[in-house]
Amino acid sequence: MASTLVRAALSQPVDHTPVWFMRQAGRSLPEYRELRKGNAMLEACRTPDLVTEITLQPVRRHGVDAAIFFSDIVVPLQAAGVDVVIEPGVGPVISTPVRTRADLDRLPELDAEALSDITESVTRIVAELGDTPLIGFAGAPFTVASYLIEGGPSRNHEKTKAMMLGDPELFSAILAKLGRMSATFIDVQLSAGARAFQLFDSWAGYLGPQDYRAAVLPHSQEVFAALSRHDVPSFHFGVQTGELLAPMSEAGSTVMGVDFRVDLAAASARVQPGQALQGNLDPAMLFAPWEVLRPRVEQIVRAGLDHPGGHVFNLGHGVLPATDPAVPGLVVEEVHRVSREVLAERRDASGAGDSMDPVDPAAEAGDRR
């Protein structure tokens with residue numbers, strides 16, 4: 001029997017709303033900070049012992065319905081031979097940006113054989129998780145390209161946009177190569193046992209719909225198409241992408257992630273028919289008193305259950321570093337409690353045989369550790 005997370009992501013009946021948190025594996029947990037002492041980020045991402053433990057930590061602590069693979073969107077670049085470092089407090093920094101055709105020609109393709117440590121990490125994690133699914137991930141072509149072209153994080157993405165408009169052929173060629181890297185990176189994770197994946201297009205929200213459709217969407221579609229043979233749920237997410245939800249929903253994912261700036265009811269009207277939603281509690285709300293936060297959680301749960309497709313509860317972006325590590329677990333418990341009650345009420349109101357009847361409770365009990 002498929003897990004609750006997988007069923008919800010495929011818009012199939014569930015008896016509670018599943019929960020996981022972006023950036024749940026990491027910086028808000030004291031056990032993570034202790035484990036990371038003396039280990040650079042990219043070094044940690046390529047060390048199976050560390051990756052396994054860090055990925056499992058929030059599952060143990062919070063009781064989430066899925067684990068998210070601990071890695072970084074620039075790991076495929078590093079694995080391909082790009083000189084990239086993640087500077088604390090800055091982010092990924094590329095020593096030699098790609099801004100010309102010659103630069104692109106020097107950028108190698110990513111060979112799956114260069115990711116043997118990723119295979120080992122995923123295999124170990126899946127063995128430890130049991131029935132709890134692991135979500136793999138990669139950065140979307142545009143977001144990775146923004147680092148590669150700019151040379152590091154950028155507030156306005158000037159060089160990226162200048163190339164997109166001034167040399168669209170080069171820009172497209174860069175995104176095509178990065179799309180192949182992303183697909184290879186995710187393919188390795190799925191082949192090793194991950195049961196779903198998310199494509200993060202973190203910086204797509206810096207584009208308008210016209211430029212997104214013309215220059216970015218085709219390359220994201222290629223990534224989802226390349227991975228379709230795995231027949232697993234797929235998530236697509238970007239920050240400040242409310243105006244892009246409609247075109248982003250055409251990329252090919254089974255689930256559209258919604259950031260916290262968009263009402264779920266509005267998002268429901270913008271995505272593809274039958275497509276599930278993910279989100280979308282404001283991460284900063286986790287700092288509010290529980291008596292204030294709890295009704296916000298319930299509101300999102302109810303809005304998600306009103307969506308015609310499935311709903312996976314998540315934040316509208318990642319867990320913030322200073323978050324009290326006890327709070328996400330409370331949110332998980334509340335999401336499960338409220339969603340079970342609401343679904344039970346709806347079944348009682350509609351009578352036996354309704355399409356949202358839960359799966360057999362005995363089978364459901366085996367879905368999560």
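Visitor: Where is Asp231 found?
Guide: This is a predicted model. In it, Asp231 sits in the loop between α11 (209-227) and β6 (234-237).

Visitor: What is phi of Asp231 near?
Guide: Near 55 degrees. That is a positive value, and Asp231 is not a glycine.

Visitor: Is Asp231 buried or exposed?
Guide: Asp231 counts as exposed, because its relative accessibility is 71%. The cut-off for exposed is over 50%.

Visitor: Which loop holds Arg23?
Guide: The loop between α1 (4-9) and α2 (30-36). Arg23 is not a glycine, yet it has a positive phi of about 60 degrees.

Visitor: And why does Arg23 count as partly exposed?
Guide: Because Arg23 has 45% relative accessibility. Partly exposed runs between under 20% for buried and over 50% for exposed.

Visitor: New topic. What joins Gly279 and Asn280?
Guide: A cis peptide bond, with omega at about -5 degrees. Asn280 lies in the loop between β8 (276-278) and α14 (290-306).

Visitor: Now helices. At what angle do α7 and α10 pack?
Guide: About 35 degrees. Helix α7 covers residues 116-129, and helix α10 covers residues 168-191. Their axes are 8 Å apart.

Visitor: Is the crossing left-handed or right-handed?
Guide: α7 passes α10 in a right-handed crossing.

Visitor: Which residues make the contact?
Guide: From α7, Ile118, Thr119 and Val122. From α10, Phe185, Val188 and Gln189.

Visitor: How many of those are nonpolar, polar or charged?
Guide: In the contact of α7 with α10, four are nonpolar and two are polar. None is charged.

Conventions. Residues numbered from 1 in each chain as written. Predicted model: local features only at pLDDT ≥ 70, side-chain atom pairs only at ≥ 80, totals over all residues. Heavy atoms only, no water. Axes fitted to C-alpha atoms, helices over the stretch in contact; angles between N-to-C directions. Helix = DSSP H or I, 4+ residues; strand = E, 2+ residues; numbered from the N terminus. Left-handed = near helix turned anticlockwise from the far one by under 90°. Contact = heavy atoms within 4.5 Å. Nonpolar A, V, L, I, M, F, W, Y, C, P; charged D, E, K, R; others polar. Buried < 20%, exposed > 50% of the residue type's maximum accessible area, 1.4 Å probe, protein only.
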